2 protein chains.
Amino acid sequence: MRVLVVEDDPLHASYLREAVRGALPGVIDIVEARDGMEGERLAREPGCASVVMDLQMSRRTGIEAARTIWAERPATRILFWSNYSDEAYVRGISRIVPKEAAYGYVLKTASEDRLKLALRAIFLEAQIVIDREVHQIQHARGRPERGLTEAEHAVLVDAALGLTDRCIARRQHLSLRSVQNRLRGLYDKLEVLPEGNDLAPGDFNQRSRAVARALQKRILNPQELEYAETKLQAWLRGDR
Amino acid sequence: MRVLVVEDDPLHASYLREAVRGALPGVIDIVEARDGMEGERLAREPGCASVVMDLQMSRRTGIEAARTIWAERPATRILFWSNYSDEAYVRGISRIVPKEAAYGYVLKTASEDRLKLALRAIFLEAQIVIDREVHQIQHARGRPERGLTEAEHAVLVDAALGLTDRCIARRQHLSLRSVQNRLRGLYDKLEVLPEGNDLAPGDFNQRSRAVARALQKRILNPQELEYAETKLQAWLRGDR
DNA sequence: AGAGGCCTTGCGGTTTCCCGCAAAAGAGAT
DNA sequence: ATCTCTTTTGCGGGAAACCGCAAGGCCTCT
């Protein structure tokens, strides 16, 4: 059995290496990559069906790497090992995970035992393992009152990138008014206006405020926006 | 001699501990804090004039902790040890460092020797040590054509928080038109409109686009915005 | 003092955003 | 089928953002 470790921090990488050796005695060799780009490349080597992946790396995010890995070989088992449980990450992952894949999401704050348990469950038993803190975010997204719809999220991202209502409408195949309606809903859900009383009616530009709130609430994060930006550039050139 | 280590990642903390012991044989004891809050408290202990500080911690940023530490005892020597060299960090630090303080900024990608050298230079010799990569950003800020003025930066932050032009004007003690002028300058410097040709004239909301670009260029980061948000809330309640 | 720069401010006009109102178009339940 | 509930779309208007133009203030240099 071969395991690929994708992690840019050398200290964390060596810690992971020890944990993998301890948890999985059957491992023959451990391959390491220091960013998503390299990880994608090494994942193409034969017999590399088990990956431990850090999110938040410099050159290429773990989510982007996982996207291409799963696109090429959907049966690959990936354990995401991250500092944070931002909704942005959770949403990004749950959008790309294929039905046939086993995967996991373990926080770096977890104990070594939890990590080893997850390694065995995912790579040996093909189970799904999600830290509770992460799972709660996943769960909240399902409820309509909490969390954002996929559609709302898409509009939010476009607004955060700095597109006008009209351009968002073209991109999402909606009318101008519908985009504004979606935004209106976002302003409510993100609690753009200060609670209850309106001491400061004209103090907030709701559009920009919504983006700020989404960043505060970890619904958006800069890495996600960076990825969305490259897709936007492609769209601006190609389609329109 | 006593050294305070403020670092939320246990792996990095133990690495730091070893480096401090190796570089400074005269160290009697090493105190550790796992976030900025705890760091501020422990820094008040007597004889704690040397601090190694991570930026980017969960509960309270390293910059915030450094601000209060230096406000209370400006002679404290602080070595910032960070993953990134974002302009947002560099700007934040250079705003709060007192004249009489020795300090340093070393990236986590630096070798162990570089780290040890910096520890000795700052804590024993009271020198200033800045990694080259960080220093280049500091330098670019001085030039007027590159980088943003303090005034422009303040307006940018307010806009990113979602304030209207009018509200920014009140906050910065400017006229409405001046705020719009500053924003206009920002739109140029941040290259809000796609280069040269204007294929898409009405596609961008420049205000939101400017924030997105600033995040991409690491001129703003979410932690900084979070701090600015608390200051904004205080201002909204108190002054106005 | 005068000239040239830069920053600030005001005026006026166009565009975009924001939103109430209401009609049309599904989706689902009884 | 009809009756709801939700979503989408259009219309219209008030507020904010965006920007060219120009007048005044403050600085430096000669």
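Chain A and chain B bury about 2,900 Å² between them, 49% of it on carbon and sulfur atoms; buried area is the accessible area (1.4 Å probe) that two parts lose on being put together, summed over both. In chain A, the residues that lose the most area to chain B are Leu11(A), Asp203(A) and Ser208(A), together 18% of what that side buries. This is a predicted model, in which local features need pLDDT of at least 70 and side-chain atom pairs count only at pLDDT 80 or more, while totals for chains, interfaces and linings use all residues. Residues are numbered from 1 along each chain as its sequence is written, chains are lettered from A in the order in which they are written, and side-chain values use heavy atoms, without hydrogens and water.

The contact (heavy atoms within 4.5 Å) takes 35 residues from each of chain A and chain B. There are 6 salt bridges between the chains, a salt bridge being a side-chain nitrogen of Lys or Arg within 4 Å of a carboxyl oxygen of Asp or Glu. One of them joins Glu226(A) and Arg218(B) (3.3 Å, N to O).

The model also has 7 cavities of 30 Å³ or more. A cavity is a set of points on a 1 Å grid over the protein atoms alone where a 1.4 Å probe fits but cannot get out; lining residues have an atom within 4 Å of a point. A volume is the space filled by probe spheres set on the points, which are joined across faces, edges and corners.

| Cavity | Volume |
|---|---|
| Largest cavity | about 70 Å³ |
| Second largest cavity | about 60 Å³ |

Lining residues of the largest cavity include Ser208(A) and Ser208(B). Glu226(A) is among those that line the second largest cavity.

Key
1 Å grid on protein atoms, 1.4 Å probe; cavity = no way out; pocket = protein on both sides within 12 Å on 5 of 7 lines; lining within 4 Å.
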